[in-house]
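Please describe this protein for someone who has not seen it before. Begin with the whole chain and then go to its parts.

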Amino acid sequence: MGKWFGAYGGQYVGEVLKPALAELEKAVIEILPSEKFRSEYLRLLRNFVGRPTPLCPAENLTEELGGASIYVKMEGLAHTGAHKINNALGQVLLAKHMGKNKVIAETGAGQHGVAVASAAAKLGLSCEIFMGSVDVKRQQPNVFLMKQFGADVQVVEDGTKTLKDAVNAALKDWVRESKRTAYVLGSALGPYPYPDMVRDFQRVIGDETRSQILEMTGRLPDEVVACCGGGSNAMGIFTAFLEDPVALTAVEAGGFGDKPGEHAVRMNGGGQTGIIEGYKSYFLQTDDGQVQSTHSISAGLDYAGIGPQLVQLYETGRVKFTKAYDSEVLQAYQEFAQKEGIIFALESAHAAAEVLKKASQMKKNSIIVVNMSGRGDKDLFITAGELYTHEWKTFLNEEADRLKDRSVR
Ligand SMILES: Cc1ncc(COP(=O)(O)O)c(C=O)c1O
């Protein structure tokens with residue numbers, strides 16, 4: 001645990017938030033390592049989340065590409081469909097052990113919100129999710145799921161009405177109510193101690209992958225690839241391999257072009273150092289230091305900032321960063337669906353695209369692992385709209401007509 005990752009990280013918050021963060025730090029140090037907490041968390045990971053998730057050999061693509069053996073870490077088989085539940089469950093359980101009776105969280109795409117709402121329902125805490133009104137419109141299926149889990153969804157109308165405004169609204173609420181409320185942050189970023197805590201809840205992905213690949217092949221992989229929004233699934237799988245001779249590659253959202261606003265590439269010259277939302281890191285910024293708008297076909301990779309530990313690992317050269325364009329992502333999504341029977345989430349399909357580019361150039365007996373951080377069911381409205389446009393439009397129109405009839409009845 002540490003406040004800093006080289007020059008990055010820290011805790012840049014106003015005096016009003018410091019007591020709540022100090023209370024959280026104390027809980028992370030005292031409660032997380034306790035036998036009582038560990039045994040309950042591990043039991044829930046097994047019985048509720050469905051861990052361990054499998055490591056699946058992608059034999060057909062391996063044979064077709066003729067290079068490295070490809071393995072897929074099937075995080076998308078976790079309950080609620082993505083790795084987000086590992087961290088959401090951990091933080092909600094910690095809140096319960098701290099004596100809180102309510103959790104609040106921000107959400108953009110809705111995956112973190114759904115995971116928190118589900119964990120809160122399971123553990124009997126009330127739950128409020130802050131979401132920008134633009135995201136609410138784009139992600140109605142996830143809003144519906146959060147409500148089914150009993151969460152109260154607060155629609156944020158400030159600023160650009162997206163994730164950063166949801167974070168600000170949630171933080172304001174936390175200041176008012178921190179005595180009974182815990183704030184559950186969704187990626188390995190934000191003010192200390194969140195980057196450490198989120199990474200530690202997610203490192204189960206890498207720990208499992210390490211022992212699975214050793215058991216299956218008798219050796220470590222040559223390379224591990226993960227997509228990178230805020231960085232929680234990447235840090236989750238990379239942490240177990242940091243001390244090993246294993247190449248680590250993070251894939252950012254290349255969007256539809258290289259101009260500002262067309263992508264979310266913060267590394268390799270895209271972003272600049274800044275202090276935003278309580279921590280120091282790289283951010284996509286305009287010339288006058290405002291947060292730059294971003295684009296990605298995947299709702300979970302279009303964040304302007306990135307976790308501070310990943311910036312340190314980039315600057316030391318331990319983690320290499322690359323990008324995948326939207327069009328490459330859709331191709332990889334289809335390749336893995338048709339050749340391996342696996343539907344990747346669009347976020348994770350960025351990592352899949354990198355593996356498809358690289359595997360054929362690697363030696364035949366080498367091993368590459370890709371983290372499928374989520375499954376693609378949640379993206380149906382995007383993927384079907386892109387790949388099945390006419391039929392999908394007809395289906396949606398007919399469904400809208402059917403609902404019109406229902407409201408008349
Ligand atoms: C399936 C999936 N993968 C990846 C991400 C990106 O987040 P992170 O970089 O924190 O793993 C998200 C975010 O919503 C997601 O839903």
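Predicted model: local features only at pLDDT ≥ 70, side-chain atom pairs only at ≥ 80, totals over all residues.

Residues are numbered from 1 along each chain as its sequence is written.

**Overall**

The protein has 16 helices and 14 strands; these are DSSP runs numbered from the N terminus, with helices (H or I) of at least four residues and strands (E) of at least two. Its radius of gyration, taken over C-alpha atoms, is 21 Å, close to the 22 Å that the globule rule gives for 409 residues, so the protein is as compact as a globular protein of that length. The globule rule is 2.2 Å times the number of residues to the power 0.38. Of the 409 residues, 52% count as buried, meaning that 20 or more other C-beta atoms, placed from the backbone, lie within 10 Å of the residue's own.

An open parallel sheet is formed by 4 strands in the order 7-6-5-8. Strand 7 (152-156) and strand 8 (181-183) stand at its edges with a single partner strand each, so one side of each has no neighbour in the sheet. Strands count as paired if DSSP finds at least two bridges between them. Strand 6 (residues 126-132) is joined to strand 7 in the parallel sense over 5 bridges, and Gly 132 has Val 156 in strand 7 as its bridge partner.

**Strand 14**

In strand 14 (residues 367-371), 5 of the 5 residues are buried, so the strand is largely enclosed by the rest of the structure. Ile 367, Val 369 and Asn 371 point one way, and Ile 368 and Val 370 the other.

**The ligand shell**

Around the ligand are 20 residues, the closest being Gly 229, Ser 232, Gly 300, Glu 347 and Gly 374; a residue is near the ligand if its C-beta atom, placed from the backbone, lies within 6 Å of it. Helix 11 (232-238) and helix 14 (346-358) each supply at least two residues of this shell, and helix 11 gives the most, with 3 residues.

Definitions and conventions: Buried ≥ 20, exposed ≤ 12 C-beta atoms within 10 Å, placed from the backbone.
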